[in-house]
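User: I would like to go through this model and ask, for each label, what stands behind it.

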Amino acid sequence: MVNRPLKFVVMALLLSFILGGPALAGDILRLYGEDNVGTASGQFLRIPVGARGVAMGKAYVACATDGAAVFWNPAGIMRTPGRTNYFASHSVYAADIDLDYLSWHHRKQSFGFGLTMGSLRSGDILRTDEFHQEGTGQYFNANQFFVGASLARAMTDRFSLGITLKYYQENLDEFQTKSILADLGILYFVGLGDMRIGFSIRNFGGDMKPGGTPPTLPDGFTPSGEFQSFPAPTVGTFGAARTWQMSRKLTVLTTADFNHPSDFKESFRFGSEVGVNQILFLRAGYETSRQEGGFAAGFGLQLKRKQFLVRVDYAYSDQGSFGTIHHISVDLSPLFQRKPDDAWRRGR
């Protein structure tokens, strides 16, 4: 149990992160994101991974206790069902763009660590110019990727912290953008059922600046070799979630997030998951403050076979003019590594 002084300290830390963190961190989160639309680089890092989180409207900062925790909230590493977790996600994005994500993490009694990587591939893009509107016959690529490492720590039986450091690179034809970024996460179980609150700041770091040699232009024009720098796509999220036991075989998970990007207006995210006998899960969610789209839904199947917990999830999200985006993910946890002292991780 958490004593009263420690509980007070934990809540004070949470409030200081939520209310004072952005101001103390300077440009980590801009106070008026709506006034900075289109000013951040590396938007690929904002694309969500994991069909379960997408299906619940991306209200996932307090629910990320699976393989997707490294992406949404690294503190959730300390709450996964098994001590080791393998996770893979694939999204069929707009314009034949594919997004793939892989993660692995392992935890011990009081700390955990993980590895993660993600990539976005555009495929071949036909090159055009002012004299060849239908294409020059040449092609180029626009690909992005990141690799990262995470570390999490369980401070008490209810409170955990996590951090992820990642290297990001964008390749656009002959140009490259590189950066080192970080994610921070907090997860706290309140003590009412499995009610928990989560907080994360993702993708914060220095400004991002392209590099490379511009192509030679006709008529003797020499392009500038200097490029403008842009801030990282930093976003802060605060959320809460709780599972309600409706009957012996029926559960309902409700979750809500407040999302604050540095370069767009704030939004609220809401999601729900209905579980039937801990095998079939039906999900739906919605995000506000979007001019179009915002709705998502999906389902998942969870099976326990020979001490392995396997969950396969599917989601579709409405992206308005970009159409419907399909997501699929697989989460695998070997449960034979669980020990009796892990019982407190099942929730209270």
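Analyst: Contact here means heavy atoms within 4.5 Å. This is a predicted model, and in it Trp72 touches Pro48, Val49, Gly53, Lys58, Tyr60, Val61, Ala64, Ser200, Arg202 and Arg269, not counting residues up to four places away in sequence.

User: What makes Trp72 stand out in the largest nonpolar core?

Analyst: Of the 29 residues in that core, Trp72 is among the five that touch the most other members, the others being Phe44, Tyr60, Tyr101 and Tyr168. The elements giving two or more residues to this core are α3 (69–72), β2 (98–107) and β6 (142–154), and the largest share, four residues, comes from α3. A second, separate core of eight residues includes Phe159, Tyr188, Ile197 and Ile201.

User: Why is Arg52 called buried?

Analyst: The relative accessible area of Arg52 is 11%, and buried means under 20%, so Arg52 is called buried. Arg52 lies in helix α2, which spans residues 51–55. Leaving aside its neighbours within four places in sequence, Arg52 is in contact with Tyr60, Cys63, Asp66, Leu253, Glu273, Arg283, Arg311, Asp313 and Ser329.

User: How do you know that the side chains of Arg52 and Tyr60 are joined by a polar contact?

Analyst: The contact between these two side chains is 3.0 Å, and a polar contact requires a pair of N or O atoms within 3.5 Å, one able to donate a hydrogen and the other to accept it; the pair Arg52 and Tyr60 is therefore counted as a polar contact.

User: Why is Leu250 called partly exposed rather than buried or exposed?

Analyst: Leu250 has a relative accessible area of 32%, and partly exposed covers the range between buried, under 20%, and exposed, over 50%, so Leu250 is called partly exposed. Leu250 lies in strand β12, residues 250–261.

User: What makes up the nonpolar patch on the surface that includes Leu250?

Analyst: The patch is formed by Trp244, Met246, Leu250, Val276, Ile279, Leu280, Leu282, Phe299, Leu301 and Leu303, with about 840 Å² of accessible area together. The elements that give two or more residues to the patch are β14 (280–287) and β15 (295–305), and β15 gives the most, with three residues.

User: How many helices and strands does the protein chain have, and what share of its residues is buried?

Analyst: The protein chain has three helices and 17 strands, and buried residues make up 46% of its 348 residues.

Terms used:
Residues numbered from 1 in each chain as written. Predicted model: local features only at pLDDT ≥ 70, side-chain atom pairs only at ≥ 80, totals over all residues. Heavy atoms only, no water. Buried < 20%, exposed > 50% of the residue type's maximum accessible area, 1.4 Å probe, protein only. Core = buried A, V, L, I, M, F, W, Y, C linked by side-chain atoms within 4.5 Å. Patch = residues over 30% accessible without salt bridge, like charges linked within 9 Å, V, L, I, M, F, W, Y side chains within 5 Å. Areas by Shrake-Rupley, 256 points an atom, 1.4 Å probe, with all protein chains shown as cover. Salt bridge = Lys/Arg side-chain N within 4 Å of Asp/Glu carboxyl O.
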